[in-house]
Amino acid sequence: MNADSWKETLADLEFRRDRSAAMGGPERVARHRSKGKLDARARIEYLLDPGSFQEFGTLVGGEVAADAVVAGSGLIDGVPVMVGAEDFTTLAGSIAPGGNAKRYRLAELAVRHKIPLVMLLEGAGFRPTGAHYGRTPTDLLAQARCSGRVPVVTGVLGASAGHGALVAPVSDFSIMSRQGAIFTAGPPVVHESTGERISKEDLGGPDVAIPSGLIHNLADTDEDALDDIRRYLGYFPSSAWSYPPALLSDETTEPRATPELLDIVSRDNRASYDMRQVLDVVLDTPDWFEVQPGYGDAIVCALAHLGGHPVAVVANQPDVWAGSIDAAAAAKAAHFISVADSFHLPLVFLADNPGMLPGRESERAGVLRAGARMFVAQTTATTLKLHVTLRKAYGFGSMVMSLIGFDNQAAAYAWPGATMGAMSAAALGLASGATEDVAAKLREFELLASYHSAEHMGFDELIQPDETRDALLIALRRGIFTRQAAPEPVLRTAILP
């Protein structure tokens, strides 16, 4: 029988596959798992739909199992994705020519097939092998070409150093577990180069990576991070060549009044409130997904559903500096807007701010530079844009929130009594040295600003707070109905601030 002639060959292949699947060996895998972390293959198995993973490059690296990176494709909620995971149990997840080629191939296939790319990091960067790469292309070339074309998501689930870590800054979204750390070079290299002794946590752990803006979100465990990656991707299409999927069967998608906003938001512009409570009421459900909650907290960036349609919400946070926009908030919003626009998520702007944050520290942080980036991101966005001014929007702070005429909004609304202009009446009175009578007149004009603006089509309509959800929903559905059947990618680079 011919089948018998294959036995030795197939047994050899099975032996090589088993060696690759064993990763760094049972002892190293057990030691890794004893720290409360999943190993590379377990991470992929947890992330993907059961039984959907198809690996490639299994034999790359020869006796070095999979050359320390597990790569392949699978499904997340039935949608194809490319996924790679650094295997820390094999030579500390380091990168050699074979691993570099696999990482390049992952990104190359993601763009070719127009599907998301997910990278799970825990590795030591380039491996000192003595071999010369020559003209071999770096994987970062292919990863950068994914930007604006397919969603790119990175999970930092352990220490990630050097070259391997560089996919995180070019990702649309990055998330770190509490055992994660990310840095240009690890503590031993830092000590050798500078003489500084520092732990990996102090060098690039969550307390560094989140406040710096490098990493977007923090999760407690590997499993939590992987769950959030699945949630994040659920709001996006597979690529820039398609539209986000809608969830239209749930009764939560129907129109409804929002009288709760009258209790949440005080008519007094000086009274603070938590914008997250507004989102809980206006959006379909309160389980929306916040991006970068630990950075630039004067703006809330949220992925959510409105009438079943995925939307990207950019909202001022009056609980922080009365909603004033600082450099970190503007940089965060600029990246978020760019990513949303690249993948055709409608943008919903909820404005309640007294302008850009003034002051010495704010200027030193580059508030105007970051604000300009946010302004360019939102004015050049080609996706649907919806705007509501709740109580106030002044100066450049109003412009970055898409309150500017001829800015291609699909709809622009304001609540009655909303105040707007170059600056508040109080600030203008102080700046101009106005008398009490003139200052009183300025305050009076300020209170009538929304009506004056509406009389000249500064807004499409003044709406009552309890009409907010329905007004947005009608405008969104109108805009989505008229969208072209097959979008072309914006092909705009979306990078971290």
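Let me start with helix 5 and helix 6. Helix 5 covers residues 97-113 and helix 6 covers residues 139-146, and their axes come within 8 Å and cross at roughly 20 degrees. That makes helix 5 roughly parallel to helix 6, where angles under 35 degrees count as roughly parallel, over 145 as roughly antiparallel, 65 to 115 as roughly perpendicular and the rest as oblique. The axes are lines fitted to C-alpha atoms, for helices over the stretch in contact, with angles from 0 to 180 degrees between N-to-C directions. Helices (H or I, at least four residues) and strands (E, at least two) are DSSP runs, numbered from the N terminus.

A word on the source. This is a predicted model, in which local features need pLDDT of at least 70 and side-chain atom pairs count only at pLDDT 80 or more, while totals for chains, interfaces and linings use all residues. Residues are numbered from 1 along each chain as its sequence is written, and side-chain values use heavy atoms, with hydrogens and water left out.

Back to the helix pair. Helix 5 passes helix 6 in a left-handed crossing, meaning that the near helix is turned anticlockwise from the far one by less than a right angle; clockwise would be right-handed. On the helix 5 side, the contact (heavy atoms within 4.5 Å) is made by Asn 100, Arg 103, Tyr 104, Ala 107, Glu 108, Ala 110 and Val 111. On the helix 6 side, the residues are Asp 139, Leu 141, Ala 142, Gln 143, Arg 145 and Cys 146. By class, the contact of helix 5 with helix 6 has seven nonpolar, two polar and four charged residues. For the classes, Ala, Val, Leu, Ile, Met, Phe, Trp, Tyr, Cys and Pro count as nonpolar, Asp, Glu, Lys and Arg as charged, and the others, Gly among them, as polar.

The axes of helix 4 (residues 40-47) and helix 11 (residues 222-233) come within 9 Å and cross at roughly 40 degrees. Helix 4 and helix 11 are therefore oblique to each other, and their crossing is right-handed. From helix 4, Arg 43, Tyr 46 and Leu 47 meet Asp 222, Glu 223, Leu 226, Asp 227, Ile 229 and Arg 230 of helix 11. The contact of helix 4 with helix 11 has four nonpolar, no polar and five charged residues.

Thr 221 and Gly 180 are 41 residues apart in sequence, and their C-alpha atoms are 9.5 Å apart in space.

On to the strands. Strand 1 (residues 54-56) pairs with strand 2 in the antiparallel sense over three bridges, pairing being called when DSSP finds at least two bridges between two strands. Gln 54 stands opposite Ser 73 in strand 2. Strand 2 (residues 69-76) is mostly covered, with six of its eight residues buried. Eight bridges join strand 2 to strand 3 (residues 79-86), and these two run antiparallel. One of the partners there is Pro 80 in strand 3, across from Leu 75. Strand 2 and strand 3 form a hairpin with two residues between them, and Asp 77 in the turn has a positive phi of about 55 degrees.

Two other loop residues also have a positive phi. Asp 67, in the loop between strand 1 and strand 2, has a phi of about 55 degrees although it is not a glycine. Asp 67 is buried, at a relative accessible area of 4%. Trp 321 lies in the loop between strand 11 (309-316) and helix 14 (327-342), and its positive phi is about 50 degrees. Trp 321 counts as partly exposed, at 46% relative accessibility.

Last, strand 5. Ten of the ten residues of strand 5 (residues 152-161) are buried, so it is largely enclosed by the rest of the structure. Strand 4 (residues 117-123) pairs with strand 5 in the parallel sense over six bridges, and Leu 117 stands opposite Val 152 in strand 5. Strand 6 (residues 173-177) is parallel to strand 5, over four bridges, with Thr 154 opposite Ser 174 in strand 6. Strand 7 (residues 181-183) pairs with strand 5 in the parallel sense over three bridges, where Ser 160 has Ile 182 as its partner.

Note on methods: Buried < 20%, exposed > 50% of the residue type's maximum accessible area, 1.4 Å probe, protein only.
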